[in-house]
Amino acid sequence: MTATLTTTARAGWFTEAEDRLREELTEHFARQVEPHIPAWESAGEIPLRDILTALGERGMLGLRFPVERGGAGHSAWSHVVLAECLGELSSDSVGMSVTVHNDMVAPMIAEAGGPEAVERHLRPALTGRHLLAHAVSEPGAGSDVAAVATTAVPVDGGYRVSGTKQWVIAGMYADAYAVLARLPEAKPPFGYVLLMVPRSAEGVTVGPADPTLGMRAAGVAGSVRLDEVFVPQSDRLGGHGLGLVTQLRQFEPERIVSACRALAIAARLLRDTRARLAERSTFGESVGSRQEIVFRLARLEADIAAARQLAYTGIDRWVAGGDHRTVSAAVKLRSSRLTRRVARECLHLYGAQGQLTEEGVNRAFRDARLFSISTGSDEMMLTALARLNGWADD
Amino acid sequence: MTELSTAPGLSTAPGAPAPPVSRAPGGIPTEVFRKQLAEFSAARGELLAADRWESQDPPVRELLGAAGAAGLFRAAWAVDEADRPRALWHAVELHTAFARLGNGAPGAPLLTHLDVATRLLATLPAAPAGLVERALDGRTTAALAVTEPGGAGSDLASLTTAVRRDKDTLTVTGEKWFISNAPYADHLLVLADDPEAVTGSRTGPALLLLEATAPGVARETLDTSGHTGLTGRIRLDAAPVHTVLAPGGHGLLRLMRHWIHERVMVAVRMTELASAVVDHAAEAAHHRRTFGSALIANQQVRFRLADLSAQVLETRAAVHHGIRLLAEGGCPMAYAAVCKYRAAELLRTAADEALQLSGADGYRTGHPAQRALRDGLGLALAGGTDELMLLQIDRG
């Protein structure tokens, strides 16, 4: 995006302290992370533990969580800053893995975990030494999370959990998984439990995923098999039977934070593409100065600028305690589709060079395709929007 | 805005949870005005009836008079600099309410009156005394005449209308068209070239005030698909200049500043028109039945409406941010262009899809989506075309 529009888009939403945090994170990522990305992507693996530990040492993880739970007591806007800085990185394997840890699993422990779960999982996670992943999807339950077949049978002191989870981002790197399981008597939305399951627990087997279009360095676990795994009651997040409710409640804010990352990716791609087209000439003329190109990029600029305001509005409602369900679904839908479109158009504008898998724009195109599928598909967002508008579907 | 100055950030004392404070644009109470608008629409049902606004002679002056007498314009007008945020958010409330009255049609002359003509006049020190005050009371109105036939739409540097000195008087000769409210205006604010620097020390576009009934001024209503009866052609044949509002070389500069405001306000109106037609389409989809069930029972219909509702939310968030920037006195031209382009795109899409969802009923004159589709086409041109907006976005 143009610098003017980016500055304008943020006016009034961020404090000076958050601007300083942005500068600090930008500098840290530029020095410590971005230079290594080509090699990491080429190897298909990122040093997630090192990345998170470096963030933890700088006090940049869990900023919004209460101090008594290991956080810094700041507002969710600090997490938006992190999300936007992650979007500046040329690998969303990094962006998504950090997001899963800091903005998908950690919040559930901070908000619904008991004191022992906080000590065991959250505090070490915020130092970056205990990696968290989210094991929700199953072969028969993607967006329809209520259909999970993994079962938690109550036993003395806890649960015995059996089932298989799949498509776990950062699952190969993680030390513990947030697992949604049904109780034997589950009746949606009740009768589920959300449990923190250490990878080291007896009965846990983790296997890599088949090759994927993108997210090739995200350590995607193809399966997390749970065979009669004992989980103590103290590692349950939320009440007995309230696991699905706890999970669904978490989806709403996490989608807005993810949308901020997606839109930052889109803005970065547009900026990089502009810079490249300014240098690229065909038939004796700069490609970037051609009217068709100018208009095409300006349309995308306008769309990103508008979607950012929706994302910030959603964050604001959430922070201020307002109803953010509709905005959450709307911005997840809009930002996912838009980021995919931006990535596709930018890929095209890079010409043949964009077809090389090592090119940043190629990776961005492959990585961004997941936005419309993960953490609630576009179709789920449309369904949610229709329901929230009162357009019944029965 | 007080929320912004007290908003907690990372400087909050360690351990203190951030209190829930909104940083969103607005936060200015408008409930009293909203009630006033509801009372106005209830009392003026006949004046606001959609069919009256489909004629070639809609009751524009009656509406402006009634709205002025009811204090609607003054409520949306800043008495001083500090009052600007309050006034702007009241203007948003005004245009939001009128987007849902009379198929949105009466809101067009209202916006032209308040946020184009009167707002521009108020920025011009040379404007005749008392004119703005009378306009705020709804007793007089002006039309901004810029566009010309023959190519000078967005390209304002190639004006053919010109001002010249004829003995002791300045006169204007030329033609303007697609001028909103021109058939109903008492005054015309005419952008004209000043090739001989007769209005000041420089050549170039000047902004001039003419009396609409002066000799040499001929007006006619254009037969247009949208903004029915609201748009006019003006022929000027040595028409006398009443006041030089901005001398040669300064006219366009004045307008450029004004257009930032106008574009954001037009974007508010377009967004709310889109919102109104989406809501109407959703409501109608519950009643319209096809193949034995309500239209809304189709997933495809719900998804289409859900998608449109998400676009409305997004565009509203964008234009409200534009209002915040205006209130703080610093909306860049590129951001105003984002607002206008996005809102035009939204209105076009929403009106077209809403019409489709209504079937043949939507094709009928008198249907809100059909009216919005027609008006939306004109709004994508007025005050700067989509293409001009894209160029301004590109410039950043």
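Modeller: Before the annotations, one definition is needed: UniProt positions are given in the numbering used here, feature names are shortened, and annotations may be inferred rather than shown by experiment. Please also keep in mind that this is a predicted model.

Biologist: Understood. Which residues of chain A does the annotation "domain: Acyl-CoA oxidase/dehydrogenase middle" cover?

Modeller: According to the unreviewed UniProt entry, that annotation covers residues 134–228 of chain A. In the model this span is 0% helix and 52% strand, and its end C-alpha atoms lie 19 Å apart.

Biologist: And where does UniProt put "domain: Acyl-CoA dehydrogenase/oxidase C-terminal" in chain A?

Modeller: The unreviewed entry places it at residues 243–387 of chain A. That part of chain A is 76% helix and 3% strand, with its end C-alpha atoms 22 Å apart. For chain B, UniProt gives a feature with this name at residues 249–395, also from an unreviewed entry. Residues 249–395 of chain B are 80% helix and 3% strand, and the end C-alpha atoms are 23 Å apart.

Biologist: Let us turn to the two chains together. How many residues of chain A are in contact with chain B?

Modeller: In chain A, 52 residues are in contact with 48 residues of chain B. The two chains bury about 4,100 Å² between them, and 68% of that is on carbon and sulfur atoms. Three residues, F295(A), R334(A) and W391(A), supply 16% of the area that chain A buries against chain B, more than any other three residues.

Biologist: Why give an area as well as a count of residues?

Modeller: The size of an interface is often given as the accessible area lost when the parts come together.

Biologist: What about charged pairs between chain A and chain B? How many salt bridges are there?

Modeller: There are five salt bridges between chain A and chain B. One salt bridge joins the side chains of R337(A) and D307(B), at 3.4 Å from N to O. Between chain A and chain B there are also 14 residue pairs in polar contact, with both residues at pLDDT 80 or more.

Biologist: Which helix gives the largest share of chain A's side?

Modeller: That is α9(A), with 15 residues. The elements of chain A that each supply at least two residues to this side are α1 (3–10), α2 (16–32), α5 (77–87), α9 (291–319), α10 (325–349) and α12 (378–388). By class, the side of chain A that touches chain B has 27 nonpolar, 15 polar and 10 charged residues.

Biologist: Now for chain B on its own. How is chain B divided?

Modeller: Chain B has domain 1 (23–140), domain 2 (143–248) and domain 3 (253–395). The C-alpha centres of domain 1 and domain 3 of chain B are 20 Å apart. Between these two domains, 28 residues of domain 1 are in contact with 29 residues of domain 3. The area buried between domain 1 and domain 3 of chain B is about 2,400 Å², with 63% of it from carbon and sulfur atoms. On the domain 1 side, E54(B), R100(B) and N103(B) supply 23% of the area buried against domain 3, more than any other three residues.

Biologist: Which residue does E54(B) meet in a salt bridge?

Modeller: The partner of E54(B) is R371(B), and the N to O distance is 3.4 Å. The count between domain 1 and domain 3 of chain B is three salt bridges.

Biologist: One last topic, the backbone. Where is the cis peptide bond?

Modeller: The bond from P188(A) to P189(A) is cis, with omega near 0°. P189(A) is in the loop between β4 (176–187) and β5 (190–198) of chain A. Another backbone feature is A170(A), whose phi is near 65°, a positive value in a residue other than glycine. A170(A) lies in the loop between β3 (158–165) and β4 of chain A. Most residues other than glycine have a negative phi, and most peptide bonds are trans.

Terms used. Residues are numbered from 1 along each chain as its sequence is written. Chains are lettered from A and ligands numbered from 1 in the order in which they are written. This is a predicted model: local features need pLDDT of at least 70, side-chain atom pairs count only at pLDDT 80 or more; totals for chains, interfaces and linings use all residues. Side-chain values use heavy atoms; hydrogens and water are left out. Contact means heavy atoms within 4.5 Å. Buried area is the accessible area (1.4 Å probe) that two parts lose on being put together, summed over both. A salt bridge is a side-chain nitrogen of Lys or Arg within 4 Å of a carboxyl oxygen of Asp or Glu. A polar contact is a pair of N or O atoms within 3.5 Å; within protein, one must be able to donate a hydrogen and the other to accept it, and residues adjacent in sequence count only if both atoms are side-chain atoms. Helices (H or I, at least four residues) and strands (E, at least two) are DSSP runs, numbered from the N terminus. Ala, Val, Leu, Ile, Met, Phe, Trp, Tyr, Cys and Pro count as nonpolar, Asp, Glu, Lys and Arg as charged, and the others, Gly among them, as polar. Domain bounds come from an automatic or database domain assignment.
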